[in-house]
Amino acid sequence: MKKYILSLIAIAGLSAATMAQGLQRDMQFWRSYDQRGINVFETGKADTVEFDGLKVRVGGHFTQQFQNLSHSNAAGSPALIEIGAGTNLATANLNIDVALADGVRLNLVTYLSSRHHPETWVKGGFLQVDKLGFLGIGNTDWFDKYLTVRVGHMEINYGDAHFRRSDNGNAMYNPFIGNYIMDAFTTEVGGEVFYQNNGFLAMVGVTGGEIQGGVTRPDDRKLNFLGKVGYDKYVTDDIRVRLTGSIYSTSGSARNTLWGGDRAGSRYYLVMDPVGATTAANFTSGRFNPNQTDNITAMVFNPFVKIKGLELFGNFEQSKGKAANEQTDRTWNQIGADAVYRIGVKENVYLAARYNKVSGELTGGRDVSIDRVQIGGGWFVTKNILAKLEYVNQNYNDFAVGDIRNGGRFNGLMIEGVIGF
């Protein structure tokens, strides 16, 4: 792993002295990569870090799991691969943040190792602007106080669950080990304008609607439009209330990946996969993709309440769309309810429980559902080191005879260790 970090630093032309300085410094309008980043959604407009010249911050995330899961399906269904207790491939992220000007920051995340791609590859990057003083156009308080602009090939800001999910080596913000069954996450080329004022927030964005983009098949490629409105504020010193509603919509795509954009892979290795499956090729084990890869309109409401150490987070979602070879739209619904209780002055120990269910129409017209329960907890040994334990139970309901998921179920224990800095 060390050789990857050193080689990337050399390519970027960073001196050892610059890196050492950057590692000790937080950035403007930035989410910390350790425990301090918990329950941070969009970066706010209040900031205490002063800009004093070009600075580079190099950080990373490293995650390892021990898995002891079992799975089964109905008699007569295709055979499942045999799995047992063991460790999963360690995953790692390299995080580079650069302060380019006062209120202007560059972010680049590289996956050094992931389930789907054991080799190094770039997740994405963006330029974030929170101040316009660098333009020298006079008073810019109208922008500096209220607006944030992001442009790049970046993780899109649809919903709030993506702020709490595990992202390859970065599992610091997720109180659980697995993400939601339908995992709304993708990187797309585009831009977002975000407004914040006294707790009220609003965002509009436009992207190419695809994870890679391209210039071929122009008649099949349409712009994707994003929107978010909400409210987020501490109503007392001990009570924080946040409620947002988001929409994601495109009328056509060569291959939309809102539900399949995580190329790093899921945490539950090889569950419900067939004989001959591999961890790299079958990297979405335990998830569900509704295959709405042409036109899609998804909406989600996310309430979040924090009362001292108690956190409640909800995800109420509907996705409507179809693949290019289908004639009519299909609808999928997702419900997620998280409860987390953090203990101690530093809230460094927590207990957590989640219920998650998806239901909808498969290609071909069959209505099915999948439900999951996750129960566990975690311990921040330091602000940079997190240990998690989770029991998971997932059931597949009403899948057809002959489908490998017919009567399907997996359950068992997971242990995960995370380092972030």
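Visitor: Which residues does Leu258 touch, not counting residues up to four places away in sequence?

Guide: This is a predicted model, in which local features need pLDDT of at least 70, side-chain atom pairs count only at pLDDT 80 or more, and totals for chains, interfaces and linings use all residues. Residues are numbered from 1 along each chain as its sequence is written, and side-chain values use heavy atoms, with hydrogens and water left out. Contact means heavy atoms within 4.5 Å. Leaving out residues up to four places away in sequence, Leu258 touches Ile156, Tyr158, Asp183, Ala184, Phe185, Thr186, Tyr248, Ile296 and Ala298.

Visitor: Which residues have the most contacts inside the largest nonpolar core?

Guide: In soluble globular proteins, nonpolar side chains tend to be buried together. A nonpolar core is a set of buried (under 20% relative accessible area, 1.4 Å probe, protein chains only) Ala, Val, Leu, Ile, Met, Phe, Trp, Tyr and Cys residues joined through side-chain atoms within 4.5 Å. Here the largest has 33 residues, and Tyr158, Tyr248, Leu258 and Phe410 have the most contacts inside it. Strand E11 (295-307) gives the most to this core, with 3 residues.

Visitor: How many bridges join strand E15 to strand E16?

Guide: Strands are DSSP runs of at least two residues, numbered from the N terminus, and two strands pair if DSSP finds at least two bridges between them. E15 (residues 367-382) and E16 (residues 385-397) run antiparallel and are joined by 13 bridges. A hairpin of 2 residues links E15 to E16, and Gly378 has Lys388 as its bridge partner in E16.

Notes: Helices (H or I, at least four residues) and strands (E, at least two) are DSSP runs, numbered from the N terminus. Buried means under 20% relative accessible area, exposed over 50%, partly exposed in between (1.4 Å probe, protein chains only).
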